[in-house]
Amino acid sequence: MSVPMYKKQNSLGTPAHRTNPFDSDSDSEEVPSRPSRAQSVPVRRNDQSVQELEDYAITKARETTHKVNDCVRAAEAIREDATQTMQTLHRQGEQIMRSHQVAADIERDLTVSEKLLGSLGGLFSKAWRPKRNQPIKGPVSENNYFVRTANHTEQRWRLGIAPTRQESPNPVQTPPATVMEKIQAEKAKQDDALFDLSNTLGQLKEMAVDMGTEIDRQNKALVPFNDDVDELNFRLKGANQRGRRLLGK
């Protein structure tokens, strides 16, 4: 009779916890909670992102300044080449003028020779008169605007008196401290370089126009020069034939 009473008290007493026979003792302990995702990210990440953006902006501004300065140096190199081309055209024009003047001098000497050849011969010989198609014109003196412009332009930029930007006096210059001040300083450098680039391109435009004008002038000067050379060749042939006839006699 004692056994059934024990079972009854057990059923009426504190209820026994039903446990999984496969659970270990460690599972019954409290599992620590994991930190949230927001707590795991450090707070300084935002400050680092802002610093990276500021450094990137300053780097890009400096790269832009460097590229603009490269454009200015390239334009200045082109200007030097254009100046040498202008000098070459100037010497070429002078050479054309001198050659044409030499042709005119030859014509004067040829006129004297033709008179001497005409006076030679016997008393009963027919007077010889040289044949002429057209008179020798000689070089045409012009107001060479190209020479004055080339020399003037060359002297201006070689002496450093080309048009320059007007800079406001700034006796005290403090180095930029903040990011915006550094970017503004780079923008000021870019503006100055772009101003110089604009002036150089303007000079190149004027030099290109002057070179085109000089080439047109030389082309026009070559036309009478060729005509005078052809006339000299024609008269020289006639004088040569007259001399051979006189020697044949």
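Me: At the start of helix 5, which backbone nitrogen does a side-chain oxygen of threonine 178 reach?

Reply: First, the terms. Helices (H or I, at least four residues) and strands (E, at least two) are DSSP runs, numbered from the N terminus. A polar contact is a pair of N or O atoms within 3.5 Å; within protein, one must be able to donate a hydrogen and the other to accept it, and residues adjacent in sequence count only if both atoms are side-chain atoms. Here, the side-chain oxygen of threonine 178 comes to within 3.3 Å of the backbone nitrogen of glutamate 181.

Me: What should I know about the numbering and the model?

Reply: Residues are numbered from 1 along each chain as its sequence is written. This is a predicted model, where local features need pLDDT of at least 70, side-chain atom pairs count only at pLDDT 80 or more, and totals for chains, interfaces and linings use all residues; side-chain values use heavy atoms, leaving out hydrogens and water.

Me: Where is confidence lowest, and where is it highest?

Reply: pLDDT is the predictor's confidence in each residue, from 0 to 100. The protein averages 77, and 65% of the residues score at least 70. Helix 1 (residues 2-12) is lowest, with a mean of 45. Helix 5 (residues 179-248) is highest, at 92. Contact means heavy atoms within 4.5 Å. Where pLDDT is low, the predicted coordinates should not be read in detail.

Me: How many residues does helix 5 have, and how far does it reach?

Reply: The expected span of a helix is 1.5 Å times one less than its number of residues. Helix 5 has 70 residues. From first C-alpha to last it reaches 100 Å, close to the expected 104 Å.

Me: Is threonine 200 buried or exposed?

Reply: Buried means under 20% relative accessible area, exposed over 50%, partly exposed in between (1.4 Å probe, protein chains only). Threonine 200 lies in helix 5. Its relative accessibility is 4%, so it counts as buried. Leaving aside neighbours within four places in sequence, threonine 200 contacts Ala75, Glu76 and Arg79. Arginine 79 sits in helix 3 (residues 45-119). Arginine 79 is buried too, at 11%.

Me: Which residues make up the largest nonpolar core?

Reply: In soluble globular proteins, nonpolar side chains tend to be buried together. A nonpolar core is a set of buried Ala, Val, Leu, Ile, Met, Phe, Trp, Tyr and Cys residues joined through side-chain atoms within 4.5 Å. The largest core here has eight: Ala103, Leu110, Leu117, Trp128, Ile136, Phe225, Leu232 and Ala239. A second, separate core of six residues includes Ala82, Met86, Leu89 and Met207.

Me: How many salt bridges are there?

Reply: A salt bridge is a side-chain nitrogen of Lys or Arg within 4 Å of a carboxyl oxygen of Asp or Glu. The count comes to nine. One of them joins aspartate 70 to arginine 73, with the closest N and O atoms 2.2 Å apart. These two are three residues apart in helix 3, so about one helical turn separates them. Glutamate 186 and lysine 189 also form a salt bridge, at 3.8 Å from N to O. Both lie in helix 5. Glutamate 186 is buried at 10%, whereas lysine 189 is partly exposed at 47%. Glu107, Glu114, Arg132 and Arg235 are linked in a network of salt bridges.
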